[in-house]
Amino acid sequence: MTASKDSLHPGGEPAGGAQRVPVAARAAAIDAAQAHPPAWKSVVKRVLAVAAAGAAIYLVLPSLIAVLGAWPRLAALNPAWFTVAIAAELISFACNFGLQRLALQAQGWFAVVTAGLAGNAVTNSLPGGDAAGAAVQFRMLTTAGFDTDTAVGGLTAFSLLGVGGLLALPLLALPAILGGAAASPGLVHTALLGLAGFALYAIFGVVLLRSERPLAALGRAAQAAWNHLTRGRRPVTGLDTRLLAERDTVRTVLGAKWRQAVLLTTGRLGFDYGCLLAALHATGAGPRPSLVLLAYSAAGIIALLPLTPGGLGIVEASLSGLLILAGVRPSSALLATLAYRIASYWLPLLAGPPAYLLYRHRYGRPTPRRATPGTADRPSEGS
């Protein structure tokens with residue numbers, strides 16, 4: 001959720017009690033999981049997540065060391081361009097918080113920003129931290145007065161929109177490649193894979209949003225497979241109905257204020273890409289923006305795999321390598337990657353604890369409770 005600078009927006013509450021039950025059940029599950037000690041299976045899952053993260057970091061350790069080894073050369077960055085990079089990333093985060101504010105139907109910014117930064121810090125500091133970061137952000141939002149249905153449904157919806165936007169980025173670079181821009185075969189293949197992924201994502205999304213039969217059939221098949229694998233336990237029932245209810249919630253959220261959502265999603269991705277472009281200029285490099293866009297989109301898609309906290313190591317390895325394919329000198333690619341990650345990963349990570357303390361000062365300790373629908377941040381908050 002947070003993380004991820006992933007999101008969506010609602011323009012009203014989901015109609016019908018049946019559409020609200022799955023989201024409310026998910027909220028209750030989060031609270032129940034936080035209220036009781038983890039079972040042995042949960043412990044095993046966490047151990048496996050840590051092991052997977054450790055293995056992934058080990059595999060990309062040489063590239064990570066190479067990027068981090070560029071720290072002494074940060075003084076060589078052009079300070080004006082590095083300032084532009086940080087400013088672009090701040091605007092990208094502001095667009096992301098704007099998306100979350102749309103999703104939560106909030107008037108103020110304080111709770112949205114502080115909860116988002118705190119959740120982002122948890123997500124990007126723990127192996128497999130997406131669930132933990134989402135739980136922290138969710139609890140802070142509900143304590144601040146947000147309706148749990150709106151919070152979970154809206155933020156889930158915007159995350160889907162963000163993934164779609166990321167997959168669509170190669171479309172913007174396609175004209176330059178078709179026009180004869182010199183691009184390595186690796187980047188061309190990346191563009192083609194991105195376009196194919198976006199086409200499949202768009203077709204799949206339209207089918208699921210407009211038709212009930214495919215989703216219901218998928219739910220029944222998944223339910224049958226799960227019950228077959230877990231014979232002897234209490235069988236899962238009604239998965240097809242729950243999936244349709246979740247689909248209706250997402251459709252309701254996407255149906256309202258979609259223009260603002262698309263604009264903010266574009267701003268979030270565009271300014272994040274602008275941060276990378278400014279970081280490259282800060283090193284003195286001047287590659288073609290279209291090729292850098294392909295490298296950025298490919299690295300972003302790779303970062304969606306939750307193998308390490310915040311893609312640590314994986315993003316550095318993939319982005320620096322892809323920038324080299326885009327024509328950037330290896331030394332400049334490593335330094336630009338480090339500068340970009342300082343702005344997009346390390347600084348927001350460090351902002352998490354102060355944001356949480358500011359939140360605690362205003363709202364107190366986050367506690368699990370059900371907020372009253374439509375009351376979150378309705379009074380004007382000066383921030």
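Rings of Phe, Tyr and Trp count as a pair if their centres lie within 6.5 Å. In this predicted model, a search of the whole structure finds five aromatic pairs.

One of them joins Phe93 and Phe97. The ring centres are 6.1 Å apart and the planes meet at 50 degrees, so the pair is tilted. Planes under 30 degrees apart would count as stacked, and planes over 60 as edge-to-face. Both residues belong to helix H4 (residues 79-104). They are four residues apart there, and therefore separated by about one helical turn. Phe93 has a relative accessibility of 9% and counts as buried. Phe97 is buried as well, with a relative accessible area of 7%.

A tilted pair is also formed by Phe110 and Tyr363. Here the distance is 6.2 Å centre to centre, with 45 degrees between the planes. This pair links distant parts of the chain. Phe110 lies in helix H5 (residues 110-123), whereas Tyr363 lies in helix H15 (residues 330-363). The two residues are 253 residues apart. Phe110 counts as buried, at 13% relative accessibility. Tyr363 is partly exposed, with a relative accessible area of 23%. Together with Tyr359, Phe110 and Tyr363 form one aromatic cluster.

Charged groups also sit over aromatic rings. The ring of Phe110 lies under the charged end of Arg362, which is 3.9 Å from the ring centre. Elsewhere, the charged end of Arg341 sits over the ring of Tyr345, at 4.5 Å from its centre.

Technical notes: Residues numbered from 1 in each chain as written. Predicted model: local features only at pLDDT ≥ 70, side-chain atom pairs only at ≥ 80, totals over all residues. Heavy atoms only, no water. Phe/Tyr/Trp six-rings, centres within 6.5 Å; stacked < 30°, edge-to-face > 60°. Buried < 20%, exposed > 50% of the residue type's maximum accessible area, 1.4 Å probe, protein only. Lys NZ or Arg CZ within 6 Å of the ring centre and 35° of its normal.
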